[in-house]
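Follow the paragraphs below with the structure in view.

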Amino acid sequence: MTSGSTHSSRPLAVFDLDGTLADTAHRQRFLERTPRDWDAFFGAAPDDPPLPEGVRMVRESEEECEIVYLTGRPERCRRDTVEWLAAQGLPEGRIWMRRDNDRRPARHTKLEILKRLAARGREVRMLVDDDELVCAAAEQAGFTVVRARWAATSAALRDAQEREGRT
């Protein structure tokens with residue numbers, strides 16, 4: 001990057017949170033019961049340990065890219081999310097979150113935002129996400145995808161992401 005270039009001209013590196021940067025294993029138990037306890041699931045998010053592989057990718061990417069966070073977490077979790085990112089020493093960046101009442105599958109909500117970013121003339125260098133359906137939809141739309149396969153996810157979490165549009 002030359003000294004005369006602007007921050008907004010940098011390509012974007014877009015990172016998911018849960019299962020990509022944040023280890024949700026300790027709170028997945030709240031989704032394995034009926035009914036699922038979404039308040040407890042999201043309430044436990046501030047205690048997520050960081051996933052070293054994802055954190056490393058963010059730090060490497062910030063050398064050339066503007067970092068953007070794209071999560072299925074609802075808007076009501078914004079404060080906890082901002083504080084968690086800061087506590088991990090991750091760079092500040094725009095955080096795109098799901099509206100509190102939006103229950104569409106993550107593959108729809110996230111692809112919509114990626115397309116919006118690209119339509120603004122920004123190069124989306126890559127999306128890093130653990131949700132296979134999100135990754136497949138993004139690739140089909142022409143985005144470069146890195147699959148975050150470094151965290152264990154439960155069947156309950158995968159089902160919730162797709163059927164309930166919750167994360």
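Of the 167 residues of the protein, 49% count as buried, meaning under 20% relative accessible area, with exposed over 50% and partly exposed in between (1.4 Å probe, protein chains only). This is a predicted model, in which local features need pLDDT of at least 70 and side-chain atom pairs count only at pLDDT 80 or more, while totals for chains, interfaces and linings use all residues. Residues are numbered from 1 along each chain as its sequence is written, and side-chain values use heavy atoms, with hydrogens and water left out.

The predictor's confidence in each residue, pLDDT, runs from 0 to 100. Its mean for the protein is 88, and 86% of the residues reach 70 or more.

The protein has six helices and five strands; helices (H or I, at least four residues) and strands (E, at least two) are DSSP runs, numbered from the N terminus. Confidence is highest in strand 1 (residues 12–15), at a mean of 98, and lowest in helix 6 (residues 155–164), at 56.

The structure holds 21 salt bridges, each a side-chain nitrogen of Lys or Arg within 4 Å of a carboxyl oxygen of Asp or Glu. One of them joins Lys 110 to Asp 16, with the closest N and O atoms 2.8 Å apart. Lys 110 lies in helix 4 (residues 106–119) and Asp 16 in the loop between strand 1 and helix 1 (38–43), 94 residues apart. Both Lys 110 and Asp 16 are buried.

Asp 102 also forms a salt bridge, with Arg 104. Asp 102 counts as buried because its relative accessibility is 5%, whereas Arg 104, at 30%, is partly exposed.
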